[in-house]
Amino acid sequence: MTRLALIFGLLISSVIPAFAQPAQTTPAGALPQLRYGGALSSGAPYTFRDPGDPNKIIGFEVDIMNTLAERLGYRPVFVNNDWASLIPGLDTGLYDLVINGLEITSAHQAAADFSIPYYITFGQIVIRRGDPPLDNLAALKGKRVGTLQASQMEYVLRAAGNIDVRVYDEEIDVYSDLKLGRLDASVMDFPIAVYYAKPDRALEFTGDPIGRIEYGIALKKGAHPELLANINSALSTMLADGTMHRILDRWALWTQMMAQATGDARSMLAQPIDYDRFVEATEPTTWRGQLERYMRFLPQLGWAAVATVQISVMSMVLAVAFGVVLALCRVYGGVVLDRIAQVYIEAIRGTPLLIQLLFIYYGLPKIGLQLDPYVAGVLALGLNYAAYEAENYRAGLLAIPRHQMEAAIALNMTERQSLRYVVIPQAARIVVPPTTNDFISLLKDSSLVSVISLVELTKTYELLSTTYYDYFGTGLLVGAIYLLLGLPFVRLARWAERHLSRGMTRASS
Amino acid sequence: MQPIVRVEGIHKSFDKTPILKGVSFQIEEGDLVSLIGPSGCGKSTLLRCLNGLEVLDSGRVEICGVAMERKPNVPAGPLADIAHKLRRNVGMVFQTFNLFPHKTLIQNVMLAPMVVKGVARDEAAAMAEKLLKKVGLGEQVDRYPLNLSGGQQQRGAIARALAMAPKVMLYDEPTSALDPIVVDEVLDVMKELDREGMTQIVVTHEMRFARDASDYIVFMDKGEIIEISDEDEIFQNPKDPRTRQFLHRFL
C-alpha cells in the first residue's frame with residue numbers, strides 16, 4: 001500500500017502542470033498577479049479563443065483587463081471556468097475577480113461585490129431574415145424565444161409573461177435553433193447579437209433595445225475593498241478619457257447608452273478592426289480551409305487528451321485502491337466495517353457525481369477545506385468510482401469458493417495471508433472485465449471536471465466547436481480521440497486478463 | 001506412551017441442532033485411525049474441530065501439547081489465536097482437494113512455507129520438489145491443478161500439507177471425489193506415510209482401506225462415538241448393534 005501511495009503521489013505531482021493555463025498576453029515580470037475569471041466557450045466578444053489562432057485568448061474584456069491591470073500595476077492572468085460557476089470560483093480563490101458579462105443585479109450583488117459598470121448595453125431581438133419584424137417585448141408574447149440561462153434577459157423575458165422562454169447554455173445554440181425553426185426569436189445581450197447573429201445572412205436584428213444591462217467586475221464579497229476602490233477609480237478614468245470608447249469601437253460595441261452615461265458624443269474613435277477580424281476568421285470556409293483549421297486544433301486537442309488521460313488514470317488508481325478496501329470491509333470486515341462500507345457505497349451511488357464534484361470543490365471551502373481543482377477532481381471521480389469498484393470486487397471475492405480460504409487457513413496461513421495470496425489473486429481475474437468497463441466509462445465521465453475549471457477533452461470540444469460553430473466536424477474529431485484513448489487500456493486489460501488466467505483454462509498449461 | 005491427540009467432551013451444534021454430543025478419544029503417535037459412520041454422524045465436523053476450522057462450542061482439544069479449550073457459553077474470541085498455534089502441527093487434506101488453481105503444483109506446495117515460515121524460495125522449491133517426487137508427481141511440478149487428474153491433485157494436496165512438516169495429518173474423505181481406479185494411488189501414499197510413523201486421522205467410506213491400513217477404527221453415530229475397536233475385531237465381531245448394522249453390508 002505504501003508503494004502504491006508513493007506512486008500515486010509522484011503521478012499527481014508530475015501531472016498538475018498539464019492543467020496550468022497557457023502563458024498570458026503580458027510577459028512575466030516582477031508585477032504581482034491579478035487573476036481574472038471568465039468562460040471561454042462561445043465567449044465572443046467578451047473573452048474567447050481567437051478563431052484565427054486558438055492558442056490566443058482575446059476579447060474586449062481582455063483588452064479592458066490588460067489596460068486596467070497595467071494602470072493598477074498588476075500582471076493579468078486569465079483563468080477559465082464554467083459561466084455558471086464563475087461567482088463560486090471567487091469564493092474558492094480560483095481567481096481574484098470575474099470580468100465576463102456579469103450583470104449588476106441585486107441577486108448578483110448579494111453573492112459578490114461589484115465595481116461600477118464598465119459597459120452598458122441592452123437586449124437585442126433577433127429573428128430569421130424575412131420573418132415579420134417584432135417591435136418590442138409585447139410583440140414576443142406567445143412566441144418561442146431563446147436566451148441564455150441565468151442571464152438578466154431570461155429574467156426580463158419571464159417577467160413579461162406569456163412568452164414561451166427557452167433557455168440555453170451556449171449563445172450559438174440559440175441562434176442555431178432559431179435558424180432551424182425551433183425558436184421564433186431570440187433576445188440576448190447586444191454584444192452577443194453583434195458577433196453571432198449580425199454576420200449571419202440567415203438572421204436579422206429587429207425592434208427596440210430591450211431593458212438596460214450593466215456589466216460590472218465581481219470580487220469576493222467583502223474581501224478586497226481596497227482593490228475594488230482602485231478598480232473603480234481606474235474604470236472611471238478609462239470611461240472619461242476615451243480609452244473605453246476606443247476599445248469598444250475596435251470591437252464594434254459602442255452603444256447609445258454608453259454615450260449617454262459617459263457624455264461622450266463623439267461617433268467613432270477607432271475602426272472596428274477586431275470585429276472585422278472575427279467575422280473574417282469565422283466565415284464558412286472550403287473543405288480545404290476546414291481541414292487546415294482542424295490541423296490547427298490538434299496541439300490543443302492533444303494537450304486536452306493528455307489532461308483527460310491523466311485525470312482518469314489518477315482517479316482510477318484511487319478508485320481501485322479504495323474499492324478494494326471497501327470490498328474487503330464488506331466481505332471480511334465484520335459487522336461494523338461492513339455496515340460502514342455499505343452506507344458509503346449507497347450514499348455515493350445514490351447521489352449524482354456532478355453534485356459530489358461541485359460539493360467537494362465549491363462546498364468544502366465553507367468548512368475550511370479548500371482543494372486545488374485537480375485534487376478535487378481526482379478525489380471526486382476516484383471516491384465515486386470506488387463505490388462501484390467495491391461492488392465489482394465484492395462479487396469477485398464472493399465468487400471464490402470458501403474452500404480456498406479454508407485450505408489456506410489449514411496450511412496455517414492467517415486470514416490476511418489467505419486473502420492476499422490465495423483469494424485476491426483469483427478474484428482479480430474475475431474483476432478485470434468490469435473494471436475495464438468502468439475505466440472506459442470514467443474516461444468519459446472525467447469531462448465533468450470542466451465545472452471546476454479544468455480544461456480537458458470535452459471542454460476543449462465545446463470551446464472549439466463554439467468558436468467556429470462546428471459541432472459536426474469537431475465532434476467527429478474529438479469522438480475519434482476518445483476512442484483512440486480507450487483502446488490501449490482495453491488491450492492492457494485483455495493482456496492482464498490472460499496473464500491472471502494462467503492455469504484457469506485447460507489449454508494454458 | 002503419551003497420546004499426541006487428546007479430545008475431551010467436544011460439543012458442537014449448527015443452528016441449535018447438536019452435531020457432536022460430547023466426543024472424547026485419544027490417539028497415540030504413529031497411529032493411523034479411521035473415523036467411520038453413516039452420513040451426518042458428525043465425523044467430518046469432528047475432524048474440522050480438531051484443527052479449529054470449526055469452532056467448538058465446548059470441550060478440549062490438545063494436539064502436540066497445544067490445548068484449545070472452551071467452557072460452555074464462553075466467547076470464542078481467544079480460541080482463534082490458539083487454533084492458529086495448534087495448526088502448526090496439523091496438516092489437512094480435503095475431499096475436493098482445494099489446490100490453488102492460479103498456482104502451479106510446485107507453487108502450491110511452496111506457498112505456505114514461504115508465507116508462513118519465511119522459508120527462502122530456493123529452499124522451498126527444493127523441498128517441494130522432493131515431496132512431489134515422493135507422492136509420485138515428480139513429472140508434473142509445473143502443471144496447473146486444472147490439468148491434473150483427481151488422484152494427482154489429491155496427492156499434490158497431501159504434498160502441500162506435508163510441506164508444513166505437520167506431526168498429525170487429517171483427511172476429510174480424501175477419496176470420495178475420486179475415480180475408483182485412482183483411489184489406490186492416494187491410499188498408497190497414506191500407507192507409505194503410516195510406515196514412516198506419521199499420525200493420521202482419516203474420515204473415510206473406504207472400508208477396505210479402513211480394515212487394511214488402520215491401527216484401529218472409530219465408529220460414530222448421531223454425534224457420539226459408539227465403538228473404538230481393533231480393525232479386525234470391528235469387522236468380524238462388532239460389539240454394538242449400531243456398528244453391526246452399519247457394517248452389515250461390508251461384511
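Residues are numbered from 1 along each chain as its sequence is written, and chains are lettered from A, with ligands numbered from 1, in the order in which they are written. Because the model is predicted, local features need pLDDT of at least 70 and side-chain atom pairs count only at pLDDT 80 or more, while totals for chains, interfaces and linings use all residues.

**A strand in chain B**

Let's start with strand β8 (residues 199-203) of chain B, where five of the five residues are buried, so the strand is largely enclosed by the rest of the structure. (Buried means 20 or more other C-beta atoms within 10 Å of the residue's own, with C-beta atoms placed from the backbone; strands are DSSP runs of E with at least two residues, and helices are runs of H or I with at least four, numbered from the N terminus.) One side of β8(B) carries Thr199(B), Ile201(B) and Val203(B), the other Gln200(B) and Val202(B), and all are buried.

Two strands pair with β8(B) (pairing takes at least two DSSP bridges), as the table shows.

| Partner strand of β8(B) | Sense | Bridges |
|---|---|---|
| β3(B), residues 32-36 | parallel | four bridges |
| β7(B), residues 168-172 | parallel | five bridges |

Ser34(B) has Val202(B) as its bridge partner in β8(B), and Leu170(B) has Ile201(B).

**A helix pair in chain A**

Helix α12 (residues 287-332) and helix α15 (residues 373-399) of chain A pack with their axes 5 Å apart, at an angle of about 45 degrees. (Axes are lines fitted to C-alpha atoms over the stretch in contact, and angles run from 0 to 180 degrees between N-to-C directions.) The two helices α12(A) and α15(A) are therefore oblique to each other, a term for angles that are not under 35, over 145 or 65 to 115 degrees.

Technical notes. A residue is buried if 20 or more other C-beta atoms lie within 10 Å of its own, exposed if 12 or fewer, and partly exposed in between; C-beta atoms are placed from the backbone.
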